[in-house]
Amino acid sequence: MNKAFVCILIGAALWGTIGFFVKNLYGFNFTPMEVVTLRVWSSAMILVLYLLLTAPKQLALHKLIDIKYFVGTGIFSIIFFNYCLFTAIEISSIPVATALLYTGPMFVTIFSFFLFKESLTRVKILSLFITLFGTSLVVGLIPFDKNAFKVGAIIFGIGSGIGYALYSIFSKYALVKYSSLSITTFTFLTAAIALIPFFPYREKAGLLMDPMVLMYAFGLGLLPTAVAYIVYTYGLNQTEASKAAILTTIEPVVATLIGITIFTEPFSIFQMIGMLCIIGAVIIVQLYSKKELAMIDKAG
């Protein structure tokens, strides 16, 4: 498996740990928007500090107009996507929210077809259907349980899928001028500044001194955020956005395993089949990409 695909899979696996940190922060009575703020601010501080120590030149914008890319990735994607996702988790559950989040690859494929003229091949369409079907099995939507669905969860869940898709789209434009590390840092720095008015610092100041809150906030900012976005954006730079989106469907597998082992959520044969579908779709995309490269080399 090539380096770009490995990076995308690692990033997606780390995203799968989000629910662990979010559910624990909810235990301290933080609201969805407050958890979004904690995630964005902790990751922004980690990324800025890292760049100051290792590559301070990457903290400079090439042109002021380039801020438009990071308004896209930071506000229209990160803030919107996280708020919708965390609200869907609060209204319903991690499995249902994760399933609706993974309408994202469909939006990425559609946007990429119109914006980047990426081919909409039969293999991509087949892989999308397999991953969507597999995700539905993993999160318990098949067999369908009407009691698991709420209108608010559906609205916010699909909203998270659209926001999720927009990160890949805006990043593709930004990658022309900036490194994956710079994009990730500017994204969360922009989002952090935009979120300043939305956190009740006076009311929650005491909670921010709690070591457990700091641990969960730092963990949320580091693993499923800073590290995950850096490696994912690096991989995205070397593959098509639609293929990257399909590969990230390994995330619900990780999220489900965390739910089973840590939160003792039930595990069924349907979830096992769903995991196999998702992993199978990842393998299909990988084999198809190798075949494409071989054909290009042969033609050259």
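**Stop 1: a loop residue**

Select N29. N29 sits in the loop between α2 (18-26) and α3. Helices here are DSSP runs of H or I with at least four residues, strands are E runs of at least two, and numbering starts at the N terminus. N29 is not a glycine, yet its phi is positive, about 70°. N29 is exposed because its relative accessible area is 62%. The classes are buried (under 20% relative accessible area), exposed (over 50%) and partly exposed (in between), with a 1.4 Å probe and protein chains only.

This is a predicted model, where local features need pLDDT of at least 70, side-chain atom pairs count only at pLDDT 80 or more, and totals for chains, interfaces and linings use all residues. Residues are numbered from 1 along each chain as its sequence is written, and side-chain values use heavy atoms, with hydrogens and water left out.

**Stop 2: helix α2**

Step back to α2. How many of the nine residues of α2 are buried? Seven are, so α2 is largely enclosed by the rest of the structure. Select I18, G19, F21, V22, N24, L25 and Y26 to show the buried residues of α2.

**Stop 3: salt bridges**

Next, look for charged pairs. A salt bridge is a side-chain nitrogen of Lys or Arg within 4 Å of a carboxyl oxygen of Asp or Glu. The count comes to two.

Select E34 and K204. They form a salt bridge, and the closest N and O atoms are 2.5 Å apart. E34 belongs to helix α3 (residues 32-54) and K204 to helix α10 (residues 201-204), so the pair ties together parts that are 170 residues apart in sequence. Both E34 and K204 are buried.

Now select D66 and K177. This salt bridge has its closest N and O atoms 3.0 Å apart. It links distant parts of the chain, 111 residues apart: D66 is in the loop between α3 and α4 (67-91), and K177 is in the loop between α8 (151-174) and α9 (180-194). Are the two partners buried or partly exposed? D66 counts as buried because its relative accessibility is 0%. K177 counts as partly exposed, at 35% relative accessibility.

**Stop 4: aromatic rings**

Show the rings next. A pair of aromatic rings is described by the distance of the centres and the angle of the planes. Rings of Phe, Tyr and Trp (its six-membered ring) pair if their centres lie within 6.5 Å; planes under 30 degrees apart count as stacked, over 60 as edge-to-face and the rest as tilted. The count comes to 18 aromatic pairs.

Select F81 and Y164. Their ring centres are 6.3 Å apart and their planes stand at 65°, so the pair is edge-to-face. F81 in helix α4 and Y164 in helix α8 are 83 residues apart, and the pair links these distant parts of the chain. F81 is buried, at a relative accessible area of 4%. Y164 is buried too, at 7%.

Move to Y167 and Y229. Here the ring centres are 4.8 Å apart and the planes at 70°, so this pair is edge-to-face. Y167 lies in helix α8 and Y229 in helix α11 (residues 211-236), so the pair ties together parts that are 62 residues apart in sequence. Y167 is buried, with a relative accessible area of 2%. Y229 counts as buried at 3% relative accessibility.

**Stop 5: a nonpolar patch**

Select M106, I110, F113, F114, L115, L120, I125, F129 and Y173. They make a nonpolar surface patch of about 850 Å². Patch residues have over 30% relative accessible area and no salt bridge; like charges are joined within 9 Å, nonpolar side chains (Val, Leu, Ile, Met, Phe, Trp, Tyr) within 5 Å. Areas come from the Shrake-Rupley method with a 1.4 Å probe; for residues, only the protein chains shown count as cover.

Which helix gives the largest share of the patch? α6 does, with five residues. Both α6 (104-115) and α7 (122-138) supply at least two residues each. Pick I125, found in helix α7. I125 is partly exposed, with a relative accessible area of 32%.

**Stop 6: cysteines**

Finish with C7 and C277. The structure holds zero disulfides (pairs of cysteine sulfur atoms within 2.5 Å). C7 is buried, at a relative accessible area of 12%. C277 is buried at 17%.
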